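Subject: Structure for you to look at

Hi,

Here is the structure I promised to pass on. Have a look at it first, and then read on for what turned up.

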Amino acid sequence: MIYTLRHLTTYRYARTVRFARCNLRLRPRDGEGQRVLESALHVAPEPTRRLERRDFFGLDTLTLTLDEPHREFTVEAVSRVAVERPAPPPPEAGPSWETVRAAALALPSLGPDGPAHFQFPSQRVPLDPAVTEYARTSFPPGRSAYGGAVELMHRIRDDFRFDAKATTVSTPPAEAFALRAGVCQDFAHVMIAGLRGLGLPAAYVSGYLRTRPPPGRPRLRGADASHAWVALWCGLEMGEGGWIGLDPTNDCVVRDNHIVVARGRDYADVAPIDGIVASAGSQKLTVEVDVIPEDEAA
Amino acid sequence: MTASAALADGPLPDASAWAADDPAARMRRWTEAYAPRPGLADELVDAEGALRGGWPRFLERLARLDDREVAARFLSAERHIRDAGISYRVYGDGREHPWPLGSLPLVIDAADWAELSAGIVQRAGLMERIVGDIYGAGRLVAEGFLPAGVVAGHPEFLRPVHGIAPPGGRWLPIYAADVGRGPDGRWQVLADRTQAPSGLGYALENRMVLARAFPDLFADLHVERLPGFFQAFRAGLAASCERSDPRICLLTSGPYSSTYVEQAALARYLGFLLVEGDDLVVRDGLLHVRTIAGLKRTDAVWRRIDADYLDPMELRSDSRLGVPGILQVLRRGGAVVGNMPGSGVLESAALSPYLPAIARRLTGEELRLTGPRTWWCGDPDGLNHALSNLDHLTLRPAATPLRGPERDAMLAGPALDAARAHAVAALRERPFDWVAQETAPLSTMPAWQDGRLVARPFVMRVFAAATPEGWRVLPSAFCRVAEREGADPSEMRAGIRSADVWVLSDTPVDTPTLVHTSAPRIRRIAGHLPSRAADNLFWFGRYLERAEAVIRLVQAHLGVFTEAVAADASGEAGAPTALAIRALLKEWGSVSAADLGPAALAGEALSGKTVHGSALSHGLEARRIAASLRERLPAESWRALADLRDTLVYAEGWAPTEAQLFGKAERALGHLAALSGLIHENMGHAAGWRFADMGRRIERAINTCSFALRFCGEEASAEDLGVMLSLADSQIAYGARYLVGVSRDAVCDMAVLDPNNPRSVAYQIQAITAHLDALPALAADGLPEAHRRRALALAVTLQTSEAADFDAEALERFESDLEGLANGIASRYFPNGPDALRPEKLTGLA
């Protein structure tokens, strides 16, 4: 499947911003079942300085410095991506979770895809005993890591309420867990905390999801959203280098409807835009996303 | 000040006093009662019970002082610490605690020290190579010498640092290790300190204090000196910079850091600029410091903030302490940062089992200094060993260091079965988070308690600096001793004291000389003044002057009231002049109500703790600001500030008489005068001094205008004018100049317009314009900057006016113009001036 992606972000500031520096992490990831055919970025105002860099986890990061006074900052990322992933493994496939835990740690690699990075707490996903307890139910001794994680995903889907008002971008997973509510970021963080609490290597994936307009209605411009889910390392022989994507928000194993932008330890590693502005006033953020599959192109 | 300079201070005690007692008997009494715990290594006595190394020499020499004299010397050391304001904070507690210098130094002889130093040098070099490999080629992990999980699981493994080659070629300009003796009497490393080791400054302070208290012992025993190490450390950092005359900053998290006092002391001693994250700016790929002369390039940063707070662009995005973009500067080689961010990964407790093999692999040598035997439980063999030997092993988190009380609990080991059961469960769940360690109680050293020597656990932090000639070890250490047995002294907190460490040379040591063989470039200022320091100095001056103004008002009120009572037996406290003073004190927030009794009013205005405008509150505010200026103010000013506070503070419930209050005010003015004198006579008359003086001058000008508005108006009574003269401290000068009684215009001329009266508004403006003329301009266009034009306009107004022109309206206008000038100075020079923009986080799920 080939997708055209458009991601428009606008910051409007109450007072003039004289200086800003920001990181953009918006270019979709190449490899592991997807290919970036085109990718372009439009930024206004024109930055004084731009610097491209590939970060530790292989994500293309563009750092911009804006010296010109401005009241509005817009970033539009447009790309075309071809996605073709293998079918999910059969249920309960692959090595046991205890084996996976030990195998991940035994790999003599600190490379970006090395699972050891994803077994430990990270800035936005501290371990939480209550979340670990919750996850443990799905992991009796000897069960396949993949099988346990799929069940955990079902349970999160069943037990949690999707509620965009319940949490914010900085809600810690323990809080979202207590509320049993939140959005894709919260579900992913909770699931990761549970898996890592048991010692399993779990990553945070940011990207987009194909949505289907209601039957007979046209696709509304800007109505899609950026999305987040989980990748579990299930042993080298499984999936792509061991990684299998699991989407607790939609209760599905990731295949061709998901487009990956970045994989990191948590949201902090992959935030699409972050940085600092020198300003005394408040800011207002609006985001528009379009995910247009090419077979649908009208 | 160097240790040798300290030697010159203070008279030596009278030698005849020592002979009265029997030194030999005294020494026997000390050593025979000394009882270290069996099975533990001790510094004073070895396993055979013989006195170790340098101790016989030291104790013999100490025993020549009688007990009273020894106690007196220790007391004088403590007094010095209090006077100098040497202090620290406990993690998570805001208060400053006076530095607890233990009594005896730890004495180590040259041979013992040489062996320890050789081990430290080897270990420092090894650490440098390991961290270079972790963030570079990654061979140790790939070849199986270091498990990936040990690195990946440590919070100080900073992924953005991966692939950066450290500018200047060094990861660790400074390395430290906490050492003690194992049960076999050999030195062992209890912890590596690679992130931002603290203690160097305290080691220096300990030395200054102890060398001053025991100058005789210090000289006779050939104690190794410290300055050479610090010079070498500075030279090493400078040599790694691109420019030959580099600007080096010490990056602090600010006055609330637990070791801020030592950071300030080190900055002063080493000649580094003490800066906070906000003071540094990344522009054009280089690092700059904000100064009053604009942005100036910075070559190197000695980092004393934790690395994950260093750069909100790439590390913790919520950090307010760091410098946005500094990692990118490192990537480009634009500045040296020591220690490099990410070096903290070497502090992992899980590293230790792998070090011997890594040492052989990287250097071909055996590791000379090892730690207690340790197993990382992420390794299946380590886990098995831990589970089957739980009774004599201690479980510790591999990644996060334990803090004081937690450490006590851990070291207590088997006593805490519940905690252990919990730990075992955790061990099975996530074994890679744990290490198991053979832990013996810490070795002991003698401490002085009530005239006796007692054995107490200690930890000693040894430092090594990277210099162009190789590693150099500080011939002393930062030693911490527990006051009671069984406490863990690794971290400064209640019940832990510090001690100087004396390495005794066999031959007389070189007295460090201040005469350099190579001639430096001559300079008269220490470099551009950072904007933040200018801001603080300005406000330091303003608060001192505010305190003085309040005190003078209180004195005036006490005087007026006393006279009013004398003139009118009915006790006319409501006389108009007294009422005006009360109203002004109320307006300034110096008193909570204007209708208090005279003594209560004076007491509150001087010493009130709950009113923000009392002289005490202003004095404390000045002291708080001074804490951020430690490295810039004369050392004695700390004592003068303490005196000011002690004079103004009084105990709850004390009801002083008016005469007592008058005396208190008088003494407080004396301390303020002493502070002015120190600032004027003991600070270099460079930009820093100019800001302190400008703060004082602008505040005095504003206050004098306020006084003149109230006590020197067209309708002013003789009493009002008398008060005006006393507030301007000009009664005597007036008497000498005018033989007739007080006249409004004559008083006004003296207090406002007379450029030769150091209390007049005109004098202050004249001084301010002179300061501004001497400060650097931003643009080289020859035009005066806006704030300077303001000052000049005010000066001209005063020069061209007569007293009669200065009616109430003119005074009011002039006062507000002065406020405008103060704001103009702030906008131009200070980071937090009214036009400053605070960096905000760019947020939002995009």
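How many residues of domain 1 of chain A are in contact with domain 2 of chain A, and how many of domain 2 take part? Before the answer, some housekeeping. This is a predicted model, where local features need pLDDT of at least 70 and side-chain atom pairs count only at pLDDT 80 or more, while totals for chains, interfaces and linings use all residues. Residues are numbered from 1 along each chain as its sequence is written, and chains are lettered from A and ligands numbered from 1 in the order in which they are written.

Now the answer: 24 residues of domain 1 of chain A are in contact with 25 residues of domain 2 of chain A. Two residues are in contact if their C-beta atoms, placed from the backbone, lie within 7 Å. On the domain 1 side, β1 (2–17), β6 (70–83) and β15 (283–293) of chain A each supply at least two residues. β15(A) gives the most to that side, with six residues. By type, that side of domain 1 has 15 nonpolar, four polar and five charged residues. Here Ala, Val, Leu, Ile, Met, Phe, Trp, Tyr, Cys and Pro count as nonpolar, Asp, Glu, Lys and Arg as charged, and the others, Gly among them, as polar.

As for the domains themselves, domain 1 of chain A covers 2–83 + 271–296 and domain 2 covers 97–270, with bounds from an automatic or database domain assignment. Their C-alpha centres lie 24 Å apart.

Chain A as a whole has six helices and 15 strands. Helices (H or I, at least four residues) and strands (E, at least two) are DSSP runs, numbered from the N terminus. The C-alpha trace of chain A spans about 60 × 45 × 40 Å along its principal axes. In chain A, 48% of the 298 residues are buried, where buried asks for 20 or more other C-beta atoms within 10 Å of a residue's own, with C-beta atoms placed from the backbone.

The two chains also meet: 33 residues from chain B and 34 residues from chain A make the contact. On the chain B side, α7 (139–142), α8 (148–152) and β22 (839–842) each supply at least two residues. That side of chain B divides into 15 nonpolar, 11 polar and seven charged residues.

Next, the largest nonpolar core, which has 331 residues, with V230(A), L232(A), V462(B), A708(B) and M724(B) touching the most other members. Such a core is a set of buried Ala, Val, Leu, Ile, Met, Phe, Trp, Tyr and Cys residues joined through C-beta atoms within 7 Å. Helix α18 (residues 531–567) of chain B gives the most to this core, with 17 residues. Leaving aside neighbours within four places in sequence, the contacts of L232(A) include A145(A), L195(A) and I244(A).

Last stop, chain B. L641(B) is in helix α22 (residues 636–648) of chain B. L641(B) counts as buried because it has 26 C-beta neighbours inside 10 Å. Not counting residues up to four places away in sequence, L641(B) touches A622(B), R623(B) and A626(B).

Cheers

Conventions: A residue is buried if 20 or more other C-beta atoms lie within 10 Å of its own, exposed if 12 or fewer, and partly exposed in between; C-beta atoms are placed from the backbone.
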